[in-house]
There are 2 protein chains.
Amino acid sequence: MAFTFQINNNVAFKHDQRLIDKADMFKPQLYKQKIGAKSLVALNNDASFLEGVGIKRVDDIQNLASHQLTRDQKIILDFGDHQVGKFSVDISSAGSPMDAPLFCKFKFAEMPAELAHKSSDYDGWLSKSWIQEEYIHIDELPTRLVLPRRYSFRYVEITVLDTSPKWQAVFDHPLVDTETSADLSQVTTPQLNDPELEKIYQVGVKTLADCMQNVFEDGPKRDRRLWIGDLRLQALANYATFRDRDLVKRCLYLFGAMTASDGRVPANVFTTPNYVPDDTFLFDYSLFFISILADLETFQMDQTVLDDLYPIAKQQMDLSLERVNRSGKLVLDDDYPVFIDWSNDFDKETAGQAVLIYVLRQFIDLAQQKSDEDLDKYRVVLEKMIQYSKTSLYDPSRGLFISGNNHEINIASQVWMVLAKVMDSDTNQQIMQRTCDDLFPIRGIATPYMYHHVTEALFQTGLRDQAIDLLKDYWGTMIKLGADTYWEAFEPEKPDYSPYGSPILNSYCHAWSCTPVYLIQKYLTKGM
Amino acid sequence: MAFTFQINNNVAFKHDQRLIDKADMFKPQLYKQKIGAKSLVALNNDASFLEGVGIKRVDDIQNLASHQLTRDQKIILDFGDHQVGKFSVDISSAGSPMDAPLFCKFKFAEMPAELAHKSSDYDGWLSKSWIQEEYIHIDELPTRLVLPRRYSFRYVEITVLDTSPKWQAVFDHPLVDTETSADLSQVTTPQLNDPELEKIYQVGVKTLADCMQNVFEDGPKRDRRLWIGDLRLQALANYATFRDRDLVKRCLYLFGAMTASDGRVPANVFTTPNYVPDDTFLFDYSLFFISILADLETFQMDQTVLDDLYPIAKQQMDLSLERVNRSGKLVLDDDYPVFIDWSNDFDKETAGQAVLIYVLRQFIDLAQQKSDEDLDKYRVVLEKMIQYSKTSLYDPSRGLFISGNNHEINIASQVWMVLAKVMDSDTNQQIMQRTCDDLFPIRGIATPYMYHHVTEALFQTGLRDQAIDLLKDYWGTMIKLGADTYWEAFEPEKPDYSPYGSPILNSYCHAWSCTPVYLIQKYLTKGM
């Protein structure tokens, strides 16, 4: 995920070595595979693709070495599918002896649209260091160039910046050494009798797999790290597919080991070269530590993990409840904002209230398992928050929740109140039906993260057809636009939208978008 | 050196493994030294420097780590003198945790003027791959960045292309691991009682040393290879200083081992990763194989080298003499041009004739040592060529040599005819005096290579003061313009001239310019 930068580098953090050691115990094995490029392609105007940039095949990969390149000439390799790993290629020279270094550029792209933009035009606020592009000088040919960094891509554009008038550069045997901790052999596509949904499922599995590395990464291109909001959805999708409990435990232990000195779980942690917590805090993200622990225990009970991490979970809840007033209203401040979605164009008070209720329910389950003597206290707060929501945030005349001083009605409030089960199930269904009637088509939401919660609320309230339509309209449209994996950001009414001012910075394989595998398994198959 | 490109990639070459093995026997030891940067500097308008670009000191190197750099900020390190070697530096981050890769650029410059030009503006015919510039992404800090390529520089400009708004990049302990096969402890500056000449000598020694690597390179920045025209002058300068015979032998064996199938010695050879002859041929350069062998035998007789390489030398002479007509006139064609100088704006016929006479004299010395039964034949040709020169190329009314159909009078003709000792020594002195009177100040010559021959001709004809003036005016002016080592190209009347359209491509440490050490030792000290 991405968000407005927080800079809190005066915050001190704990470092619980016992929990770090447990995180290390669950370090995954990486599965590696050598994948060759499939063909040589060129960019192509194609209105059906993202930003109108498609590809056309120009040559067999077997003919790669017949392309002799000199100053400013380029080729684009197509690996046929999204890949995460290290790139290598043979390079030699043709013509007279090599009388100058080779200077060339490698640009790695998940989507063809990335290749249509000049990197030098990018001037956004996110670091341009994320652009997957390398300038390389090679003094001696022939060689096998092995780039040391990991890239996330399907396409590799190789530009010869210069040889000399006397010789040409020749590339051959391009290869990616892929890396993932997901065991793809564990997953088969469920029989859905709907090819579109089956494809939606498969792309979700690929998205999740490519984000499963040493931790659950948010995106293998960017930010390549462990965000707790992404982790919650990845863990759910993973239980529906790879069923890898260890990687979830590893990530939970990492967050638990490195809370701020006031006890809050940070929104993300860095894991290479060292474990370092980020100085970014989001109210709902800290709470989701509880949610992820509860989901894990639901998937398969693990007493040790519960015993180790329950104190951290309880601390998140206690810190959150300090912000609930006597009426049962959550009162947030700007220093510890609730995320809900990237957009800051809607009021998040009611959605924040609902997230806390949602997580408090899960926490009470954990507290029961732990026979926590404070259990009743939490039940009382839960009831008070529900009552406040029903009486002060629900507008019976509209049949929808309002949010903020202006009594704004937005989708996020309805969805989270439904997921939090504040009302009875009939009312929840009416709320979601009214949401479809009054608030659809969805506008102004660019994250699969928020779309996931909308879709799940539809499924949970029995609005199966509307949920399937949304799956197809949202995730299905990404596929039609050329997605091999699902994207970090997608606003169907503005397909070319980038939160960073340039699609070069977008992550086109992003964990929080993989949830169709979870939704399909949970609501459209007999599994789980 | 550089020259118009020849492309002759249909030429076949011999590969004499016996001579290659001998070349390998003389592979030198590289002396390595760790040198730290001396200060932080900034570019400065300074009309007294090359292109008006000087430097000013901005901070102690001890304070380097206090400079915390973010997007588009830069620093310039000054290593205090010209260096050839590998660069390394500590890099860490300050501020919040490193939430994006570091993207930075390292630009290595021999002269401040190189840093004032944008690499992207360069569009000349020489490969832009020679620009000493690296774009680097670093995923994990702290690290010690060790750049694997060798650079030739005094200044290193480090530009942070991006960090993120949350953190800054910090550099510390920059180091160059220098490499040379010259043993600097062998050389002391002669007492000349002239600080300017002593400085000219010292800069020449540094120039030569930095070009002495696994072979005598023409320039450690560019082309980094063994050119025979440069080698001849380097060897002479080396006898006057480091006295390293083995490196000369190694280079001669390499040229001898890889002649074209018609017997010609190529103008240069590549030595890494493999020994490969270039498909470029220059008439005078092939001949200079003989000259270098003769100079070596003069410096110290080596019968084995003479026995091994005399046949190659003889072949060069025989191939050259095929181009001498019955009158004793050398007739050249465009496929095998004579170099003399970069400039193609003067007629080279007479200078070419003189070079052949010059080398033929040296060859006859070798043929005598080898008791070659063809010796008389060569003496006859020598006499005929001298006679032709005296009668057909010397204009007694002007007291100067003419060249070409238009009877052009140029400096190169006079200088080479004097060096070839075609006339008696009184006449030679008159020719050089007239050259000074009529043809000075020199115009249109941009190479220290040609200036060397002018200066030597002045010394040889006893015009000592004029020779010293030229040493000071030419090499001394480079020093005044900021040279730590002498340049590949310098045209005093147009100091900003670059043969490549941009000074970024110029080599500012170039072997063929190091000869003041030879000239000073030979003509201004009692040594040698």
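Q: How do you know which domain residues 38-176 of chain A are assigned to?
A: In this predicted model, the assignment comes from a record: an unreviewed UniProt entry lists residues 38-176 of chain A as "domain: Glycosyl hydrolase family 78 alpha-rhamnosidase N-terminal". Such an annotation may be inferred rather than shown by experiment.

Q: What is the helix and strand content of residues 38-176 of chain A?
A: The span is 59% strand and 3% helix, and its end C-alpha atoms are 11 Å apart.

Q: Why is the pair B:Arg71 and A:Asp123 called a salt bridge?
A: The criterion requires a side-chain nitrogen of Lys or Arg within 4 Å of a carboxyl oxygen of Asp or Glu. The closest N and O atoms of B:Arg71 and A:Asp123 are 3.4 Å apart, so the pair meets the cut-off. Across the interface of chain B and chain A, the rule finds 10 salt bridges.

Q: What makes up the contact between chain B and chain A?
A: Each chain contributes to it, with 50 residues from chain B and 50 residues from chain A. Together they bury about 3700 Å², of which 53% is on carbon and sulfur atoms. B:Arg71, B:His137 and B:Lys166 supply 16% of the area that chain B buries against chain A, more than any other three residues.

Key:
Residues are numbered from 1 along each chain as its sequence is written. Chains are lettered from A and ligands numbered from 1 in the order in which they are written. This is a predicted model: local features need pLDDT of at least 70, side-chain atom pairs count only at pLDDT 80 or more; totals for chains, interfaces and linings use all residues. Side-chain values use heavy atoms; hydrogens and water are left out. Contact means heavy atoms within 4.5 Å. Buried area is the accessible area (1.4 Å probe) that two parts lose on being put together, summed over both. Helices (H or I, at least four residues) and strands (E, at least two) are DSSP runs, numbered from the N terminus.
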